[in-house]
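Good morning, colleagues. I would ask you to keep the sequence and the model in view while I speak.

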Amino acid sequence: TYTTDIKSREENKKTIESLYRLSVDIKKIRRLKEWVLLQEVAYVKEIASILQEMGADEAAIANILERCPEAILHSPAEINAQRALWQLVCQNEKQLIKLIEQFPESFFTTGYHENQKANILFFQELGLKNNIITRFLTSAPNIFYNPVEKNKEVIETLQRNYLSLGGSDANMKIWILKLLSQNPFILLNTSTTIQENLEFLQKSDFSDQEVLQLLSRLKGFIFQLTPTTMQKTMLFSKNVFKCSDRELKQLVLKCPALLYYSVPILEERLKGLLKEGISIAQIRETPMVLELTTQIVQYRIKKLSALGYNIKSGNLESLNGTKKDFEVNYGKIQSKKERPMFNPVAPINTQD
């Protein structure tokens with residue numbers, strides 16, 4: 001019905017002409033969001049004028065409207081209100097227009113204005129810095145669509161659990177702010193989900209301190225799981241590594257990825273490691289290697305093999321870590337290999 005309705009309607013000639021004058025690629029809009037061009041009411045000149053006031057040049061305006069053509073369907077009053085809202089956390093209009101150029105869809109979602117405003121003020125009261133809030137607005141806009149009461153409830157649940165797990169009042173604010181800045185999507189969970197996941201870990205014999213450790217190390221991603229998925233991954237790991245419940249717990253604390261990644265992902269990564277000649281015993285010794293994708297592991301093994309490093313007989317520590325960590329380790333192995341077998345400045349022992 002929707003498709004038939006669109007085909008039966010004509011493009012708004014006034015909109016087309018206005019966009020053409022702004023050097024906007026109309027073919028691109030037709031291909032991606034043709035429905036915008038069919039609307040009877042559009043504010044092309046007005047939106048372009050507001051963007052220009054903020055410091056956008058002609059090329060920037062054309063780029064914004066090509067990427068987010070629905071911007072022209074918002075009234076100037078709506079956009080000015082959104083502009084004032086984002087100015088609460090932007091240093092100046094130069095920063096604001098730069099953000100709009102990078103994330104036009106986030107800026108031109110104006111249907112939740114009151115919620116956005118209330119949440120911005122709440123985050124500021126909580127102690128989040130404005131540069132973190134702007135990052136949330138652009139990369140996690142959904143959290144601002146929630147009623148502020150819902151976000152407050154999630155924060156209160158986290159605070160309450162932090163204290164009940166043995167966290168101190170003095171460190172609670174820092175812990176909450178760090179958790180939020182690492183993973184703002186935590187706010188899309190419900191208080192019930194948070195409670196259920198924490199209770200599952202406690203029932204799985206993790207001490208309060210260990211649960212707190214897992215929360216921090218998983219950066220809040222633990223709340224995107226369910227007790228069922230965590231149970232499945234733990235059972236899978238227990239069978240693979242043939243370990244006791246106590247040993248499994250230590251493995252999870254060493255490598256929280258064993259809790260976070262799904263069984264199919266862990267299976268795929270294990271197969272990739274075994275294919276390279278790495279043993280289960282080696283993986284059990286250094287489970288953090290499962291945090292890496294199969295492609296990354298293959299690339300790193302290839303680089304190390306070129307230096308004559310045999311991964312099958314050595315430990316897997318040299319494979320671990322971020323790209324930067326690996327490059328540092330690789331450099332050390334390389335320099336060790338290139339170092340001369342003798343010390344040219346050492347005195348030579350001679351016998352008369």
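I shall go from the whole chain to one helix, then to a cavity, and finally to a few single residues.

Please bear in mind that this is a predicted model. The chain holds 21 helices and zero strands. Its radius of gyration is 28 Å, well over the 20 Å that the globule rule gives for 352 residues, so the chain is more spread out than a compact globule. Along the principal axes, the C-alpha atoms fill a box of roughly 100 × 55 × 45 Å. Of the 352 residues, 44% are buried. As for contacts between residues at least 6 apart in sequence, 72% of them join residues at least 24 apart.

Let me turn to helix α14, which spans residues 208-217. Which of its residues are buried? They are E210, V211, L212, L214 and L215. And against which helices do these buried residues pack? The partners are α11 (148-164), α12 (169-182), α13 (191-203), α16 (245-254) and α17 (257-260).

On the side of α14, the contact is made by E210, Q213, L214 and R217; on the side of α16, by K249, Q250, V252, L253 and K254. By class, the residues of this contact comprise three nonpolar, two polar and four charged.

In the loop between α13 and α14 lies D205, whose phi is near 70 degrees, a positive value in a residue other than glycine. D205 counts as exposed because its relative accessibility is 59%, and the cut-off for that class is over 50%. Just after α14, K219 likewise takes a positive phi, of about 55 degrees.

Rolling a probe the size of a water molecule over the atoms shows where empty space is left. How many cavities of 30 Å³ or more does the structure hold? It holds one. The largest cavity has a volume of about 40 Å³. Its lining consists of R269, G272, L273, V289, L292, T293, T294, V297 and Q298. Helices α18 (263-275) and α20 (294-306) each supply at least two residues of that lining. By class, the lining has four nonpolar, four polar and one charged residues.

S23 is found in the loop between α2 (13-21) and α3 (26-33). Its phi is near 65 degrees, again a positive value in a residue other than glycine. With a relative accessible area of 46%, S23 is partly exposed.

S75 is placed in the loop between α5 (58-67) and α6 (76-86). Is S75 buried or exposed? Its relative accessible area is 18%, so S75 is buried, the limit being under 20%. Leaving aside residues up to four places away in sequence, S75 touches Y43 and I47.

Finally, E196 belongs to helix α13 and, at 42% relative accessibility, counts as partly exposed. The C-alpha atoms of E196 and P227 are separated by 7.2 Å, although these residues are 31 apart along the chain.

Thank you for your attention.

Key
Residues are numbered from 1 along each chain as its sequence is written. This is a predicted model: local features need pLDDT of at least 70, side-chain atom pairs count only at pLDDT 80 or more; totals for chains, interfaces and linings use all residues. Side-chain values use heavy atoms; hydrogens and water are left out. Buried means under 20% relative accessible area, exposed over 50%, partly exposed in between (1.4 Å probe, protein chains only). Helices (H or I, at least four residues) and strands (E, at least two) are DSSP runs, numbered from the N terminus. Contact means heavy atoms within 4.5 Å. Ala, Val, Leu, Ile, Met, Phe, Trp, Tyr, Cys and Pro count as nonpolar, Asp, Glu, Lys and Arg as charged, and the others, Gly among them, as polar. On a 1 Å grid over the protein atoms alone, a cavity is a set of points where a 1.4 Å probe fits but cannot get out, and a pocket is an open set with protein on both sides within 12 Å along at least five of seven lines; lining residues have an atom within 4 Å of a point. Grid points are joined across faces, edges and corners, and a volume is the space filled by probe spheres set on the points. The radius of gyration is taken over C-alpha atoms; the globule rule is 2.2 Å times the number of residues to the power 0.38.
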